[in-house]
Amino acid sequence: MKKPPTADQAGEPTGDRAEITPPKEWAAGVPAVAHALAYSLAENSVPRTTRTLFDINQTKGFDCPGCAWADPEPGSRHKNEYCENGAKHVNDEATTRRITADFFRRHPVGELARSSDQWLNQQGRLTEPMVKRPGSDHYEPISWHDALGLIAGELRGLDSPDEAVFYTSGRAGNESAFVLQLFARAFGTNNLPDCSNMCHESSGAALKETLGTGKGNVSLTDLYHADLILILGQNPGSNHPRMLSALEENKRRGGRIVAVNPMPEAGLLRFKNPQTPRGVIGRGTQIADDFLQIRLGGDLALFQALNLLLLEAEDAAPGTVLDRAFIDSHTSGFAECAEHLRKTVSWPEVLAATGLTREEIEHVRDLVLDSERVVICWAMGLTQHKHGVPTIRELVNLLLLRGMIGKPGSGVCPVRGHSNVQGDRTMGIWEKMPRTFMDALEREFSFSPPQAHGLDTVDSIRAMREGRIKVFMGLAGNFVRATPDSRVTEEAMRLCRLTVHISTKLNRSHTVCGDTALILPTLGRSERDVQAGGEQFITVEDSMSEVHASRGHIEPASKLLLSEVAILSRLARRTLGDRVAVPWEQFEADYGSIRDRIARVVPGFQNYNARAAKPGGFLLPNPVNEGVFATEDGKARFSRNAFASLHAPEGHLILQSLRSHDQWNTVPYTSNDRYRGIHGSRRVVMVNPADLDALGLSDGDRVDLVGQWHDGVERRAEDFRLVAYPTTPGCAAAYYPETNVLVPLDSVAEISNTPTSKGIIVRLDPRRPAP
């Protein structure tokens with residue numbers, strides 16, 4: 001029997017197989033089209049590829065699962081409304097490759113656990129329910145009836161509902177997310193961790209405190225018309241490529257863009273839009289007018305300095321800088337914030353924390369002063385730091401000082417990853433939903449939801465490690481590879497009595513099993529969903545609070561697949577029986593009946609079915625844009641934030657983990673990162689040449705990455721190739737999930753409990769040659 005290649009042989013090659021070329025100075029263009037088509041056609045037939053590509057992000061098609069970027073208005077969409085990575089992701093999931101029971105007979109779990117993420121993903125679509133029983137090292141087929149009965153029996157046998165956790169990835173649609181949280185709460189627990197806990201939880205915490213809502217407040221139109229866009233801790237060229245079209249439009253209208261990042265990113269340098277002649281045969285469009293190469297974790301210091309400079313500019317020219325009318329009418333805490341900044345901002349500390357010059361910071365101040373409309377965009381480069389929440393509060397301070405909240409062309413724009421991660425939260429996937437939501441559930445379904453807050457992702461892992469969680473259930477996603485402290489997480493998962501994963505494709509989480517483990521295969525976004533009530537559609541919410549329909553059109557990968565809604569509705573019926581008055585069978589037959597209930601529970605969803613049926617869907621209300629702030633005092637709140645920065649001891653570096661270009665979430669499609677000039681390997685660490693010299697190391701050396709944390713436990717990621725790279729001095733970068741092992745479970749952001757994956761202190765241990 002042929003065994004799968006090991007991790008290093010399958011997508012994580014080591015040694016001299018890595019090829020390094022200069023980083024690209026532009027993104028997209030004809031090569032992006034060629035790579036997208038080549039990958040898609042390797043996974044799919046020509047007709048299926050054509051069908052999926054013409055359906056992505058169209059009003060009668062399906063929403064791309066690749067990211068949560070907003071779609072243009074229905075009449076303004078291109079017939080190819082997708083990016084390279086979206087095309088790859090959709091056709092990766094719509095692949096014609098299949099995993100059957102024979103595959104699991106040939107490959108024991110222990111063998112699969114040693115395989116790479118890339119190889120596991122390449123095996124194809126899951127086609128039937130599988131179970132790994134206690135003491136066995138093989139998955140074997142199980143009927144849907146028996147699988148759901150097994151889960152229901154385990155859940156009913158728990159001493160407390162809080163011994164179960166129900167994890168959700170942003171791949172889930174609104175309907176399945178609502179059904180899952182309803183099932184969990186009717187069962188009796190608020191243990192609803194999700195992927196937001198690991199990415200934008202810091203954004204939600206900061207925005208909720210300062211503006212009264214955890215969401216951004218800008219639209220594509222705002223981005224088009226902004227005078228100035230600040231883009232922080234984000235790589236849109238790889239992670240949200242369709243954002244580049246909006247930035248290009250902003251440039252066409254005369255806007256200015258500043259990129260703040262420890263690494264030069266190709267998409268923020270120049271964009272060659274493959275849908276325009278200029279992007280095909282011309283030089284494309286310069287995106288960033290200015291690039292501030294900041295030190296990791298220095299964004300808080302940057303914004304404190306900018307805000308102090310704005311206060312000083314107002315002192316020099318009273319009434320010309322700050323929007324006093326807005327501040328006096330719509331905010332609170334201004335005087336305290338201003339006093340704090342004047343007393344605490346130290347320029348030597350700012351310059352050390354940021355790695356920038358005072359002239360660079362003052363230049364940004366001048367751009368802000370010259371702008372009537374400012375949008376600030378950010379992603380996980382801000383949120384995954386210990387001081388992520390204060391950093392975002394501080395950038396809100398800047399916008400409040402200038403009256404640029406609720407003003408057209410201005411505002412906050414947290415750029416989220418998964419396509420419906422924001423929608424999941426709106427539907428109630430959160431371990432601490434407010435009392436108003438719980439009361440609405442109780443009125444609608446006549447049961448009393450639990451009131452005690454549940455477990456988020458990090459606390460769920462802690463509880464599993466301590467033996468307090470017996471059942472883990474994951475709706476989509478790849479939990480063990482998305483989470484921190486890989487060895488700790490995997491050991492914790494193996495302590496569960498039952499682990500269940502609802503998935504489309506094989507991933508590492510399926511190989512990290514509880515005593516009993518189940519894989520429940522489900523429909524992909526591009527597939528037809530036909531239930532007893534006819535053909536169904538789902539809905540999703542993008543980063544800009546637009547809700548729209550998603551309809552798959554290709555035939556399912558297997559006749560044994562069930563939709564997410566069907567799986568959850570049947571499980572709820574088997575587990576709860578008649579304990580609650582929820583029409584689970586009706587939910588499965590007709591998703592419109594779920595939307596009718598959502599309309600009565602979730603604010604902003606009135607007339608849900610009718611509005612979702614309209615091309616392009618509808619926009620959820622954002623009170624901030626109406627001057628309404630759901631804070632304690634009803635006003636937007638200035639904040640006082642203690643100075644914080646990252647410091648690495650001598651001989652150490654600050655490491656950030658990041659995605660390669662050819663990667664979606666935790667799954668790499670190839671071992672290449674062509675925008676950064678890295679080919680054939682993922683086990684690389686990018687280090688500034690000056691740091692290599694100071695450490696006595698050279699480009700091409702092999703090292704182990706050793707994490708430094710105060711618990712005394714050594715966390716080591718082995719055998720990485722050093723790559724001399726133009727990252728900020730003192731900072732380094734490597735890919736995740738390979739480096740998740742270095743992120744301690746207890747190293748989390750204040751308030752949000754988000755893992756600090758962008759601020760890891762490491763040393764580089766040279767590897768000794770093999771004897």
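User: Two strands pair if DSSP finds at least two bridges between them; how many bridges join β25 to strand β33?

Analyst: The model is predicted, and in it β33 covers residues 760-766 and runs antiparallel to β25. One place where the two strands meet is L655, whose bridge partner in β33 is I760. The count reaches the cut-off of at least two, since the number of bridges that join β25 to β33 is three.

User: Which strand pairs with β25 in the parallel sense?

Analyst: Strands of a sheet pair through backbone hydrogen bonds, either parallel or antiparallel. For β25 the parallel pairing extends over five bridges, with a partner that spans residues 731-735. Within this pairing, L658 stands opposite Y735, and the partner strand is β32.

User: How many of the residues of β25 are buried?

Analyst: In a regular strand the side chains alternate between the two faces of the sheet. On one side of β25 (residues 653-658) stand L653, L655 and S657, and on the other I654, Q656 and L658, all of them buried. Both faces are therefore covered, and the number of buried residues in β25 is six of six.

User: Which strands stand at the edges of the open sheet of three strands?

Analyst: The sheet has mixed pairing and the order β2-β10-β11. The strands at residues 27-28 and 285-286 each have a single partner strand, so one side of each is left without a neighbour in the sheet. The edge strands are thus β2 and β11.

User: Is A28 buried or exposed?

Analyst: A28 is placed in strand β2, which two bridges join in parallel to β10 (residues 270-272), and it stands opposite K272 of that strand. Its phi is near 70°, a positive value in a residue other than glycine. With a cut-off for burial of under 20% relative accessible area, the 13% relative accessibility of A28 makes it count as buried.

User: What is the relative accessible area of D485?

Analyst: D485 lies in the loop between α25 (479-482) and α26 (486-494), and its phi is positive, about 50°, although D485 is not a glycine. Burial requires a value under 20%, and D485 is buried, with a relative accessible area of 3%.

User: Leaving aside its neighbours within four places in sequence, which residues is R77 in contact with?

Analyst: R77 sits in the loop between α2 (46-55) and α3 (84-93), and with a relative accessible area of 15% it is buried. L646, by contrast, is 569 residues away from R77 in sequence and 43 Å away in space, C-alpha to C-alpha. Beyond four places in sequence, the residues that R77 contacts are N57, Q58, T59, D71, P72 and G616.

Methods: Residues are numbered from 1 along each chain as its sequence is written. This is a predicted model: local features need pLDDT of at least 70, side-chain atom pairs count only at pLDDT 80 or more; totals for chains, interfaces and linings use all residues. Side-chain values use heavy atoms; hydrogens and water are left out. Helices (H or I, at least four residues) and strands (E, at least two) are DSSP runs, numbered from the N terminus. Buried means under 20% relative accessible area, exposed over 50%, partly exposed in between (1.4 Å probe, protein chains only). Contact means heavy atoms within 4.5 Å.
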